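This briefing looks at one residue and its surroundings, and then at the place where two chains meet. Please keep the sequence and the structure in view while reading.

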Amino acid sequence: MDFGKALLITIIVLALGVIVLPSTVSIFHGQHIWYNLSGYGNNVPCVKCHADVYAELEQSVHKNLKCSDCHRANKSITYASVSGSYTNATPGREAHAASIVACMMCHQINASYASKTPGPYAGGFNVTMLGVVSKYNYSNATYSGVVAAHNPFVAYAIAKANGSKLLLDSTEACVACHTNSEVSMNFTVNTGINVTALDTPLGYSSITGLNESQINVTGITFTGFKVVREVKS
Amino acid sequence: MRTVGLVLILIAITAGIFLTTMRSVSLLKGSHVVYNISSNSVDVNCSSCHKHVAEEMAITRALHGPHWDLSCVTCHRYKGTGIRFATANSSGVYPGKQAHAAYVPSCLDCHGGKGAWVYNVSGVLVHAPPARAFNVTYESDYRNWTVVSSIPYYAAHKQFVAYCENVLHDENLACLACHTNYSINITYKYPNYIYVYISNWYITTGTYVSSSLKVYNVSYVKKNIFSGKHIFLPLKKINCSKCHENIYLGLINGKHAPIYVSPKWNLSENLWGFVRYHGLAYYGITTLNKSWINDTYCDKCHYCVYVNLTDPSSGVTYTYKNPFTAAAKGLVHCAEKVSCYTCHHRNSTYWWLDPYYAFLNATWSSPLDAPYHEALINQTALNYPRYVHGDICMSCHEASYHFGKCGSECHAGNRIVYQYTEP
């Protein structure tokens, strides 16, 4: 008997074992150990399923935050909860255990949507001037954000998020700069201009005492467009 | 059978990987590693997303061009205009007001007014010099030029800056076109020729023919990593001839200001038998040399006084005599608009640059005697556009297009003369 046959037989035996053996135990090990949700806070360990997120948070400036500080912090959402006793349970409405979250929920100008202590205001953006509407407050008269270089990035992220399955609001833009996320960008840039200039008479100048002319610029257009790929890793 | 075995092994390994790895991943890997930005330095690295811009700045450093010792923050978080950027440091968190991380600066934010003091990468204060003549408020019509606080009429390139500012709302483009590796294509359109009617040594009628345009294309396309806007060129690498190639070719072909002055002051000498070349010497030039045509050469006419004041090493030896000229007052950026009249008339701005005071001391015999000659020049300057001035002069002094010797064409009675514009 060659090696292949031996391996095939081994796998078949193991497969049979998997099918046969669990008949004496529950399908999922531990499935009858129910968490007690009646204590304070979130008693379901998010990390069980989101170990990667937990590992990332350990390296993050947010490492002292609980999962619920962000993902159960939206004041406009009723999350499923139990207070004191299972008889005092509140079913979730808009969300059960958690909701995905936009950075600006906690970092908008007054963080009115956040139930926890808001994070510092990420001031200096203005998306309304680019015709984009967000439920979060990006600017006001004092924090106008009118010259922010990344306004288009933030505004586009919001616009794409409205009605899509990308991250909420401008979160793509936030995490692109403020986290370790890999970002790939295609910049379409112009590399020059076309100038049209016409020698033009102006008339007598009492300042120079001469009859004047000048080379008038009559048109400028951009040229040399190319796409440059940037990868942040 | 061996193949089947290998496939099964691979399936088993894959299944093992699925069982042993994490059960879920976040939508964006790394999105929960939020940077700590509370240190006193810049914690978000601009070049992580703008690597190509950083590479262009590295070229600037290698060239030792302007801004070589500046960081992204110096320009893009410049606070001199009152913009407050988002800041987090050991003293607290301060939300941005007008901008969050950065803004797109106007060159004149630092180079306007009297310039600005900024910190370089070493934390040393360095001075951003004012962009003379352009560091002021622009007035659209030169005839309204009544105060020094507007870009003076004399400043060449004013229209370029003005168009970028007023039409494109980005005067940076004009700065970038000259001071960086940003590419530029220019289509110049000149009247093809001027028409004058000469009667008894005076132009009795004259016009420029704008319906017939001479088109000249200059293409100055540069290869860059990104847009080229962050490769700042040392001033000595800014070459006038690149954008004014037609002038350059006119010079080396003897068609731009190609005056030859006889050392003997003798009209009978073959005025058109020599190669004529303006400015390098006043006589004896018999061979054109392309190497002479460089920015220093251009500066001698178009930026002469100011170069002399600011850069004695330039080799320009003109004597600074008139402190009230536009260039001397810093009202010229890199070039001043001139015509023959500018230097060769006794009432002109730079009359002392003409060692022979051509129109003042002309002692030539009739018909080119001084009074007539000067009257013609005055009449031209007062009544015809600046670009015609040179053509009127060239009609006599340039061999290339001359119709013939004095008296045989233009002055042989009343004549209609078509003079092709230079260069």
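Asn224(B) belongs to the loop that connects strand 6 (202–220) with helix 7 (240–243) of chain B. The model discussed here is predicted. The points below begin with this loop residue, continue with chain B as a whole, and end with the interface.

- Is Asn224(B) buried or exposed? Its relative accessible area is 15%, and the limit for a buried residue is under 20%, so Asn224(B) counts as buried.
- Leaving aside residues up to four places away in sequence, Asn224(B) touches Glu56(B), Asn181(B) and Ile231(B), and also Lys226(A).
- With one of these residues, Asn181(B), the side chain of Asn224(B) makes a polar contact, side chain to side chain, at 2.8 Å.

**Chain B as a whole**

- Chain B contains 13 helices and 7 strands.
- It has 423 residues, and 44% of them count as buried.
- Among the contacts in chain B with a separation of 6 or more, 57% are between residues 24 or more positions apart.

**The interface of chain A and chain B**

- On the side of chain A, 84 residues are in contact with chain B, and on the side of chain B, 80 residues are in contact with chain A.
- About 7,100 Å² of area is buried between the two chains, and carbon and sulfur atoms give 62% of this area.
- Polar contacts link 42 residue pairs across the interface, counting pairs with both residues at pLDDT 80 or more.
- The elements of chain A that give two or more residues to the side touching chain B include helix 1 (3–20), helix 2 (51–57) and helix 6 (171–178), as well as strand 3 (183–189), strand 4 (192–204), strand 5 (211–223) and strand 6 (226–232).
- Of these elements, strand 4 of chain A gives the most, with 13 residues.
- By residue type, the side of chain A that touches chain B divides into 40 nonpolar, 33 polar and 11 charged residues.
- How many salt bridges are counted between chain A and chain B? The count is 0.

**Strand pairing between the chains**

- Strand 4 of chain A and strand 5 (residues 183–199) of chain B run parallel and are joined by 7 bridges.
- Within this topic, one pair of residues may be located in the structure: Asn194(A) stands opposite Asn185(B), which is in strand 5 of chain B.

Technical notes
Residues are numbered from 1 along each chain as its sequence is written. Chains are lettered from A and ligands numbered from 1 in the order in which they are written. This is a predicted model: local features need pLDDT of at least 70, side-chain atom pairs count only at pLDDT 80 or more; totals for chains, interfaces and linings use all residues. Side-chain values use heavy atoms; hydrogens and water are left out. Contact means heavy atoms within 4.5 Å. Buried area is the accessible area (1.4 Å probe) that two parts lose on being put together, summed over both. A salt bridge is a side-chain nitrogen of Lys or Arg within 4 Å of a carboxyl oxygen of Asp or Glu. A polar contact is a pair of N or O atoms within 3.5 Å; within protein, one must be able to donate a hydrogen and the other to accept it, and residues adjacent in sequence count only if both atoms are side-chain atoms. Helices (H or I, at least four residues) and strands (E, at least two) are DSSP runs, numbered from the N terminus. Ala, Val, Leu, Ile, Met, Phe, Trp, Tyr, Cys and Pro count as nonpolar, Asp, Glu, Lys and Arg as charged, and the others, Gly among them, as polar. Two strands pair if DSSP finds at least two bridges between them. Buried means under 20% relative accessible area, exposed over 50%, partly exposed in between (1.4 Å probe, protein chains only).
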